[in-house]
Amino acid sequence: MELFTAMKERRSCRNFLAEPIDETIIEKVLEAATWAPSPLNTQPWEFIVITNPEVKGKIFVEAERSRQWALETTGWKWLGTYSLDFLKSVPIIIAVIGDPKKSGVDLFMEEGPMGYQAACAAAIQNMHLAAHALRLSTLWFTLFNKKVLREILSIPPEKVPLALICLGKPERLPNPTPRKNIKEKTTYIR
Ligand SMILES: Cc1cc2nc3c(=O)[nH]c(=O)nc-3n(C[C@H](O)[C@H](O)[C@H](O)COP(=O)(O)O)c2cc1C
C-alpha cells in the first residue's frame, strides 16, 4: 500500500471481530515498530502481546474503572456513553512499554526524560500504518492507571506502560475523522 494512502485511510477502530490473527502478521506489525527512530538509537520500547482472555478481562475492568474516574473528574458527558466492550472482543492487545533511561541527552535536561515517549509514539504509529497496510485495524488506547496496568502485566516500576494497542479485524469500518487545514497549523519563518 502506498504510504500516503495508508496515512490518510488509517482510522481508530472501536469494534473488532473476535477472529484470531496469525502470529506472522503480529510479528510484521512488531517489526515495523522497531524501524522507528529513537534517541541515540536506544530503541526504548518493549512489547507484551496479550491474547489471554483472563488478562484481557482484567484490562477491561481497569479501563472501566478509569472511565468512571475520568467521567467523575472531568464531567465530560461523552465518557458516559463511551463503550469499552471492544477490549473484550479484540483478539490482540499489544502493550507498549517504555524505558525512561533510554531518552538520550534529554536525561540531563530540566524537562526530564521525554525522548523515550517520543520514540515509543513513533513506533506505535509505525504499528498503526503497518496494520492498516495488512488490512487490519488498530486503536491507540490509554485509558488506564499505569500502576494498575503494571500489576496486571508484571511490569517493573522503572519501566512505563505507555499504551495498549488493540489490533484485529474491524467489525465495520470507522467513519473518517476530520482534520484541520494545514494552513491553520503552520507558520513559516523565511
Ligand atoms: C496518545 C493517544 C492516546 C489515545 N487514547 C485513546 C483512548 O484511550 N481511547 C480511545 O478510544 N482512543 C484513544 N486515542 C485515539 C484518538 O481518539 C484518535 O486517534 C483521534 O480521535 C483521531 O481519530 P483517528 O485515529 O481515527 O484519525 C488516542 C490517541 C493518541 C494519539
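Me: Which residue is the bridge partner of Trp140 in β4?

Reply: Strands of a sheet pair through backbone hydrogen bonds, either parallel or antiparallel. In this predicted model, Trp140 has Ile165 of β4 as its bridge partner. The two strands concerned, β3 and β4 (residues 160–168), run antiparallel and are joined by 5 bridges.

Me: In what order do the 4 strands form the open sheet?

Reply: The order is β1-β2-β4-β3, with antiparallel pairing. At the edges stand β1 (45–50) and β3 (137–141), each of which pairs on one side only. From one strand to the next, the twist averages 25°.

Me: Which helix packs on the sheet, and which strands does that helix touch?

Reply: Helix α7 (residues 146–153) packs there, touching β1, β2 (92–98) and β4. The direction of α7 makes about 70° with that of β4.

Me: How should I read helix α6, and what is its reach from the first C-alpha to the last?

Reply: An α-helix has 3.6 residues a turn, so residues three or four places apart point the same way. Helix α6 (residues 115–133) has 19 residues and reaches 27 Å, close to the 27 Å expected at 1.5 Å a residue.

Me: Which residues of α6 are buried, and against what do they pack?

Reply: The buried residues of α6 include Tyr116, Ala119, Cys120, Ala123, Ile124 and Met127. The buried residues of this helix pack against the helices α1 (3–9) and α2 (23–34), and also against β1, β2, β3 and β4.

Me: What is the phi of Arg135, and where is the place of this residue?

Reply: Arg135 is not a glycine, yet its phi is positive, at about 65°. The residue comes just after α6, in the loop between α6 and β3.

Me: Is Arg135 buried or exposed?

Reply: Arg135 is exposed because it has 10 other C-beta atoms within 10 Å. Leu40 counts as exposed because it has 12 C-beta neighbours inside 10 Å. Leu40 also has a positive phi, of about 55°, although it is not a glycine, and it lies in the loop between α2 and β1.

Me: Which residues are around the ligand, and how do the residues of this shell divide?

Reply: Around the ligand are Arg11, Ser12, Arg14, Leu139, Trp140, Phe141, Thr142, Leu143, Pro174 and Thr177. The shell divides into 5 nonpolar, 3 polar and 2 charged residues.

Key. Residues are numbered from 1 along each chain as its sequence is written. This is a predicted model: local features need pLDDT of at least 70, side-chain atom pairs count only at pLDDT 80 or more; totals for chains, interfaces and linings use all residues. A residue is near a molecule or strand if its C-beta atom, placed from the backbone, lies within 6 Å of it. Ala, Val, Leu, Ile, Met, Phe, Trp, Tyr, Cys and Pro count as nonpolar, Asp, Glu, Lys and Arg as charged, and the others, Gly among them, as polar. Two strands pair if DSSP finds at least two bridges between them. Axes are lines fitted to C-alpha atoms, for helices over the stretch in contact, and angles run from 0 to 180 degrees between N-to-C directions. Two residues are in contact if their C-beta atoms, placed from the backbone, lie within 7 Å. The expected span of a helix is 1.5 Å times one less than its number of residues. A residue is buried if 20 or more other C-beta atoms lie within 10 Å of its own, exposed if 12 or fewer, and partly exposed in between; C-beta atoms are placed from the backbone.
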